[in-house]
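Q: Could you walk me through reading this model, one feature at a time? I would like the general idea each time, then the case at hand.

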Amino acid sequence: MITWGATSWALPALLIGVVLIALVVWSYGAPLRSRAHLVAASFKAAGLVLLLLCLVEPMVRSVHARPGANQLVVLVDDSASLAVHDAGADEPRSAILIPLLSDEAPWLARVGQDFEVRRHVFDRRTRAISGPAELTFTGEASHLGAALEQLGRRASTRPTAGIVLFTDGISTDTLEVIDDWEGLPPIHPVLIGGAPERDLALGPIEVTQTNFEQAPVTLAVDLSSRGFDGERVELELFDRSGVRLERQVVHADDEATVEVRFDAPPDATGLHFYRLRAGATGRDAGEATLANNERWAIVDRGAGPYRVLYVSGRPNWEFKFLSRATSEDPELELVGLIRIARRQPKFTFRAGADRRNQLWDGFDNRDADVAEELDEPVLLRLGTSDEFELRAGFPATAEDLFAYHAIIIDDLEASFFTPDQQSLVEEFVSRRGGGFLALGGVESFAGGGYARTPIEGLLPVYLEGVASDAPNPTGPWSLSLTRDGWLEPWVRLRATEEAERQRLADMPTFHTLNRVGTPKPAAQVLAHVLDRGNRARPALVVQRFGKGRSAALTIGDLWRWDLQRPDPTVSDLGAAWRQTLRWLVADVPKRVQLTLVPGAAGDPRRLRATVRDEVFDAMHDATLELTVTPPTGASFPLVLLPSATVAGSWEAKLSAREAGPW
């Protein structure tokens, strides 16, 4: 920038210049018309102008920052992606980056003359370093957005000339975490590396498991490739101990991902861990990195047993086959409450008359309090955990009823329950999240007087308008699946559609069917029965109700199915019962549940425990401690603290830096 030191001489210098130039022109006179005289006059005029400029003292001024007054931040990605070999490179990306950060680097020496250079690295967190010797290139994440946000806040308290960013362009978090882009200093990105020449990568594993007894757990993973188009790739599935369970060979496709599915065979309950590995076959793969060739998957096969309360108005065959089916499933525990005698009028005109039910005549019952009186039904308890369970009959308190995961009511009239018990059953499904199944029978649905009761409210079919004393329609009835039924795995019993259609064709006909109204708007009809004229009536209807689910099975003689089976060694009815009960209890919450809160890759994993009391209200006065077992090493405790946002929840963070089963 040019400035003038003596601006007061500007006007005199201008006047003198005009006079002197006029004298030069006059002194040449007529010879000025020649080219030689014109050039000579021009040089004289230019010399006079330069002399006159000296009177105003022209100066050139430039502005420079005071050395060290401003800082320059050098931000370097220290993640494992910088250890990747690019296409045609003999060394990893880090070999290119380290010389640029050494103290002998010319560019650093030059900017160090004017700025205070601050070095920072980032992976899952941002930290300061003193030199390139502290770089490890082993970070499990590249939180670029968080690093820029943090350095931007620091730059607001000190003059910062800019940020020189060395990165490969990969960020594992989102740049949306930066609230004020205008407040950031200038960012000068330096891209390190390009695309790798050859690389295989496995995407996240998707675990699929259903209540379908013949469907195993399915592990699905996407294989992406670069430079392996058409080559054979081997994928192996291992269990936790390293035993190979399955091997598949596929052909890589550089243009699209290849989906590979494995059927995991976890026949036991509990947690199961699986490791999936991919690698090229035939010749040296020469991959850029092997870190993305392995994935771990976890399969939760439940941690029962799940307790199912079966309540029946009379002894029947349905309970026999239901009990036989659940005995083959360690995850299901069936508790039966069966009425074997109804209430009888009690008369005490004669002193000392026996008030006990006549069913007990002839038995030497020493405990008179156990024997039901005449005005009480006689109930038989089966499968109870101790002598006190269901001793007073159907549970009358939430603490007792909410201890079960599902309720089945079979051929039992509504008057068996008190109004409070009916409301309690409705709360069991809506608030506790339990499962409810109503079976057909003489005194079920409308025939049992359930219209306009709380239990009718949770059923997936309407009962109002159906006469309670109207006879049920007569059979024979053949069972058929609806379109929605074909889509539900727990309703089917065969692995293929052809085999399932054959099974339905071989089923016997039924003769007892309850009359019900239309399905409710949110309900799904999964199966219906057809009469000889192919007129359909709902047979299996389900719906979500509050936090739980309910179902209605209107067939009253389902036990006929097991009496006419073609293969005596295979019980389709038993498999159907197990799948139905698994569906009933599949999503029923427990009092204490531990979940993993989704988060960004590389962040500490956030664990959340939800704790409820006996009536499934949120607890606020509990102390929780986890025991964590890493893949290697000894277990250690982890204390959970109450959540500030979710009632009845406790949270903790766990930094799982080592891959494998935790």
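Q: Are Phe416 and Phe417 buried or exposed?

A: Buried means under 20% relative accessible area, exposed over 50%, and partly exposed in between (1.4 Å probe, protein chains only). Phe416 and Phe417 are both buried. Keep in mind that this is a predicted model, where local features need pLDDT of at least 70, side-chain atom pairs count only at pLDDT 80 or more, and totals for chains, interfaces and linings use all residues. Residues are numbered from 1 along each chain as its sequence is written, and side-chain values use heavy atoms, with hydrogens and water left out.

Q: How many aromatic pairs does a search of the whole structure find?

A: Rings of Phe, Tyr and Trp (its six-membered ring) pair if their centres lie within 6.5 Å; planes under 30 degrees apart are stacked, over 60 edge-to-face, and the rest tilted. The search finds eight such pairs. One of them, Trp107 with Phe166, is tilted, at 5.9 Å centre to centre and 50° between the planes. Trp107 sits in helix α4 and Phe166 in strand β6, 59 residues apart. Helices (H or I, at least four residues) and strands (E, at least two) are DSSP runs, numbered from the N terminus. Trp107 is partly exposed, at 26% relative accessible area, while Phe166 is buried, at 4%. Phe416 and Phe417 make an edge-to-face pair, 5.2 Å centre to centre with 90° between the planes. Ring pairs also link Phe394 with Phe416 and Phe417 into a cluster.

Q: In what order do the ten strands of the open sheet lie?

A: Strands of a sheet pair through backbone hydrogen bonds, either parallel or antiparallel. Here, two strands count as paired if DSSP finds at least two bridges between them. The order is β18-β17-β16-β19-β20-β25-β24-β23-β21-β22, with mixed pairing. β18 and β22 each have a single partner strand, so one side of each is left without a neighbour in the sheet. Strand β21 joins β22 through two bridges, running antiparallel, and Thr474 stands opposite Thr512 in β22.

Q: At what angle do α6 and helix α13 pack?

A: Two packed helices are described by the angle between their axes and the distance between the axes. Axes are lines fitted to C-alpha atoms, for helices over the stretch in contact (heavy atoms within 4.5 Å), and angles run from 0 to 180 degrees between N-to-C directions. α6 and α13 pack at about 75°, with axes 8 Å apart. That makes α6 roughly perpendicular to α13, a label covering 65 to 115 degrees. Among the contact residues are Phe321 and Leu322 of α6 and Trp577 and Arg578 of α13.

Methods: Parallel < 35°, antiparallel > 145°, perpendicular 65-115°, else oblique.
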